[in-house]
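Here are some brief notes for your read-through. Please keep the model open beside them.

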Amino acid sequence: MQEFAFVFAGFGVGLIVGLTGVGGGSLMTPVLIFFFGVKPYMAVGTDLLFAAFTKLGGTVSLARQRLVPWPVVAQLCAGSIPAALIALWALRHLGPESARVQHLMTTTLGVALLLTAAATAYKVLVFSQPRRPEPQGADAAAAFKARHWSLPVLLGAVIGTLVTFTSVGAGAIGVSVLLLVFPLLPLPRIIAADIAYAVPLTLVAGLGHASLGSVDWSLLAQLLAGSLPGIWIGSRLVTRAPERLIRSALSVLLAWAGAKLVLV
């Protein structure tokens with residue numbers, strides 16, 4: 001019976017990721033910890049590979065719709081991948097099962113969830129205007145340029161570190177900051193960029209956690225059985241979803257989970 005619960009949880013999270021770019025680690029990691037009693041270090045490691053495969057499915061669907069801005073993805077990866085490797089080195093040195101690291105993970109995860117909740121609410125309140133039309137010609141080239149070339153790299157480095165320690169950081173935080181860094185990109189392309197660059201990041205971080213013994217492979221297979229069809233459906237509906245309603249509900253849920261982890 002629990003196997004079906006894992007599949008259903010994977011489908012729900014995958015659907016939300018495809019619709020909004022939010023929800024991978026932000027939802028799955030606290031779900032595994034609170035509802036299924038998975039140890040934090042095992043939840044983080046398993047969720048990283050879950051996110052890699054889930055977002056790979058979403059990236060393929062979005063790429064077929066020609067929504068992925070690959071230059072933006074490359075700039076983000078330039079910061080996130082090296083940062084993830086440094087964070088993995090630190091985890092290996094400290095030991096992921098130690099009480100100190102477990103406390104660090106849960107506290108950092110709680111703070112990350114609170115930041116994600118705030119970013120999600122901010123997105124609803126500030127960036128809830130009608131979607132911008134797809135830029136054409138010279139405007140399309142300008143849309144791929146950041147306010148400053150260093151900003152995507154720095155953003156990638158911060159999120160790469162956060163994701164490696166908590167599996168949370170892309171999604172709402174990434175989407176909200178990308179809206180500021182790339183102000184001319186339409187929202188569907190922002191979401192597509194956030195999902196696409198998270199694939200190599202979570203794959204590197206997840207494989208690093210696997211080398212530390214922090215991945216439950218059976219659990220991962222069950223989550224993926226639900227998430228892959230979920231994110232495919234969500235990514236097909238990304239341009240028609242009731243985004244404001246979904247994000248409002250998510251911000252409340254994430255704030256609750258973050259506060260609970262910080263106060264534990």
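**H209 and its surroundings**

1. Beyond its neighbours within four places in sequence, H209 is in contact (heavy atoms within 4.5 Å) with Y41, V44, G45, L48, L88, L91, M105, T164, S214 and V215. H209 is buried, at a relative accessible area of 0%. Buried means under 20%, exposed over 50% and partly exposed in between, with a 1.4 Å probe and protein chains only.

2. This is a predicted model: local features need pLDDT of at least 70, side-chain atom pairs count only at pLDDT 80 or more, and totals for chains, interfaces and linings use all residues. Residues are numbered from 1 along each chain as its sequence is written, and side-chain values use heavy atoms, leaving out hydrogens and water.

3. H209 belongs to helix α9. Helices here are DSSP runs (H or I, at least four residues), numbered from the N terminus. α9 (residues 187-211) packs against α3 at about 145 degrees, with the axes 7 Å apart. Axes are lines fitted to C-alpha atoms over the stretch in contact; angles run from 0 to 180 degrees between N-to-C directions.

4. Which residues meet in this packing? From α3 they include Y41, V44 and L48; from α9, A192, I195 and H209 are among them. The contact divides into 16 nonpolar, six polar and two charged residues.

5. The whole structure holds one aromatic pair. F6 and F36 are tilted, 4.3 Å centre to centre and 45 degrees between planes. Pairing needs ring centres within 6.5 Å; under 30 degrees is stacked, over 60 edge-to-face, the rest tilted. F6 lies in α1 and F36 in the loop between α2 and α3, so the pair ties together parts 30 residues apart in sequence.

Notes:
Rings of Phe, Tyr and Trp (its six-membered ring) pair if their centres lie within 6.5 Å; planes under 30 degrees apart count as stacked, over 60 as edge-to-face and the rest as tilted. Helices (H or I, at least four residues) and strands (E, at least two) are DSSP runs, numbered from the N terminus. Ala, Val, Leu, Ile, Met, Phe, Trp, Tyr, Cys and Pro count as nonpolar, Asp, Glu, Lys and Arg as charged, and the others, Gly among them, as polar.
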